[in-house]
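Here is a short report on one protein model. It moves from the overall fold to single residues.

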Amino acid sequence: AVKAAGNAFDFTPIDVATDFDIHVPEGYQWKPLVRWGDALFSDANGAYSAETGVDLAMSERVFGENTDGMELFEVNGKEVIAVNSEYVNPKINLPSDADGTPRTADEVKLLQNLQGVTVMEVAASNEGYRIVQDSPLNRRIHHNTQMTMDGPAAGSLLVQTTADPEGMSPIGTMNNCGSGRTLWGTYLTCEENFNGYFGATGEEPASAGNERYGIGAEGRYAYEKFDARFDIANEPNEPHRHGWITEIDPSDPNSTPVKHTALGRFKHENAAMVQATDGRVVVYMGDDERGEFLYRYVSNGTYTEGGDTSALLSDGVLSVAKFNDDQTGEWLDLTPETTGMSAEEILVFARMAGSAVGATTMDRPEWVAVNPTRVEAYCALTNNKNRGVKANAGGDETPVGGPNPRETNRYGQIVRWTPVDEDHTASTFAWDLYVMAGNPTVYDNEYGGSENITEGNMFNSPDGMIFDTKGMLWIQTDGDYKNEGDFEGMGNNQMLVGDTQTGEIARFLTAPYGAEVTGLCWSADLKTMFVGIQHPGGSWPDGEGKPRSSVISVWREDGQTIG
Ligand code: FEO
Ligand code: CA
Ligand code: CA
Ligand code: CA
């Protein structure tokens, strides 16, 4: 059993699973909180059909597909979860005679409406947590929701379009992956693979930025054929309006989400905010692509409770990490002097700015988590199966070295850094690897993993990472679930918990076959944990019909806290 010092929980770690169900330790229970297609408003009750999914008419009134990062907020005594729906499976959402490609503008709109963000009130009941239908706080934010933007790139030539010549009013947030929360109680949704929504019906505009960001002629969902905004032959700047950190106020359903250009444009995984000792706001962010970078934003102003927060995410310094082989590292500021780029270019093309200063190419930086009990932070480097093969044109070489020590990185690792002087704004840090995932039953070399990996806790591709209030690190995986070859004995994707002081890691939950585990938050009383299950296989959780991505509740039978 795991017993963490000062922690209220202890449990017997569970075995791997290969079935289409959820498993949690003895003494714990789980049930779905909300599934793709479940009604947020009572007029959408019955909108979901096991045969056809959800129709366009009700697609803004239900929970979206493919849940990802989430955070729980307390708003005037109510509990509100803001949660991402990262992407859609067209074959599951579109009529069964479609081949997975939308054939009409309405089919495109259906897919657009089922992604983005859901804000929903939840409440405890005799049967556990449930969503509060028709709560005035319930809200869907998707690919057609009006946004605004701030920071140095807002209003610049690079973000102006025909529909928005001022470059201040983008529409939609998309590919909402991981999450973050501000010190002032708002939600941060992180736009990751936004590139996939754009295509060209005519001649593709030449842009070095498009190559580096993977934007090309062929969109993933054929949006460009039915919605001119997504046609880069028509609107070459529209992709520049996506790939940002977007702030949503969960307490005000009429608020306009804000895209913060000061935090840079890349394939954002999540945003881990922490306050530095001098009061400034620090945000750590990963760019999830092979050979891309780890970033840090430091505000110029300081945060005080109840004070003006309006400039804290629009006025600051963006930096990128350089890791040295001697386990030291530094944050390299991205400025016109260091990059030779304009202030707007640095933000819109942050990847190129990072290359200009010599940032360290990483093995796909996914979630960053800041320890609430120590001055240190962690980033999941999920894997890098194709070292040397650049993900996009214009990227840098990706040599073995520093926190990316293995040639073919099938399993992933978690890097930890400690800023000097216990100051998150410091320009230098020390780093080590908290864990190197691996398979010690197949390999007795570096592919067997670090010392804290055993036959009993093997996993691959760490992705989601969230600290609980006690300083325990919850690790969620998005990896190979075939349970064979290099991955034999690892089973389905899973959630583990790590004691970062002892190094111990224990398996807590296994996902249904096919799914990844992503997104984690807690009820206000810490007695219920909410866990996201994305792209499940089979007919989970209903047992028949289509698979439904869901958020589940997990709790202890004895009613003790679990976070
Ligand atoms: Fe959406 Fe990098 O995970
Ligand atoms: Ca992820
Ligand atoms: Ca992943
Ligand atoms: Ca995913």
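## Terms and source

A residue is buried if 20 or more other C-beta atoms lie within 10 Å of its own, exposed if 12 or fewer, and partly exposed in between; the C-beta atoms are placed from the backbone. This is a predicted model: local features need pLDDT of at least 70, side-chain atom pairs count only at pLDDT 80 or more, and totals for chains, interfaces and linings use all residues. Residues are numbered from 1 along each chain as its sequence is written, while chains are lettered from A and ligands numbered from 1 in the order in which they are written.

## Two asparagines with positive phi

Asn66 sits in the loop between strand S3 (28–35) and strand S4 (67–75). Strands (E, at least two residues) and helices (H or I, at least four) are DSSP runs, numbered from the N terminus. Phi of Asn66 is near 50 degrees, a positive value in a residue other than glycine. Most residues other than glycine have a negative phi. Is Asn66 buried or exposed? Asn66 is buried, because 23 other C-beta atoms lie within 10 Å.

Asn76 lies in the loop between S4 and strand S5 (78–85). Phi of Asn76 is also positive, near 50 degrees. Asn76 counts as exposed, because it has 7 C-beta neighbours inside 10 Å.

## Overall build

The protein has seven helices and 29 strands. Its radius of gyration is 22 Å, close to the 24 Å that the globule rule gives for 563 residues, so the protein is as compact as a globular protein of that length. The radius is taken over C-alpha atoms; the rule is 2.2 Å times the number of residues to the power 0.38. Along the principal axes, the C-alpha atoms fill a box of roughly 60 × 60 × 50 Å.

Buried residues make up 54% of the 563 residues. Take the contacts between residues at least 6 apart in sequence: 61% join residues at least 24 apart. A contact means that two C-beta atoms, placed from the backbone, lie within 7 Å.

## An enclosed helix

Why is helix H2 (residues 105–113) largely enclosed by the rest of the structure? Seven of its nine residues are buried, so the rest of the structure largely encloses it. The buried residues of H2 are Glu107, Val108, Lys109, Leu110, Leu111, Gln112 and Asn113. They pack against helix H1 (90–93) and helix H4 (223–226).

## Two open sheets

Five strands form an open sheet in the order S9-S13-S12-S11-S10, with mixed pairing. Two strands pair if DSSP finds at least two bridges between them. Strand S9 (148–150) and strand S10 (176–181) stand at the edges with a single partner strand each, so one side of each has no neighbour in the sheet. The twist averages 30 degrees from one strand to the next. Inside this sheet, four bridges join strand S11 (residues 187–191) to strand S12 (residues 245–248), which run antiparallel. Tyr187 has Ile248 of S12 as its bridge partner.

A four-stranded open sheet has the order S23-S24-S25-S26 and antiparallel pairing. Strand S23 (462–467) and strand S26 (505–510) are its edge strands, each pairing on one side only. Five bridges hold strand S25 (residues 494–499) and S26 in an antiparallel pair. Met495 has Leu509 of S26 as its bridge partner.

## A cis peptide bond

Most peptide bonds are trans. The bond joining Trp540 and Pro541 is cis, with omega about 0 degrees. Pro541 is found in the loop between strand S28 (528–534) and strand S29 (550–556).

Methods: Axes fitted to C-alpha atoms, helices over the stretch in contact; angles between N-to-C directions.
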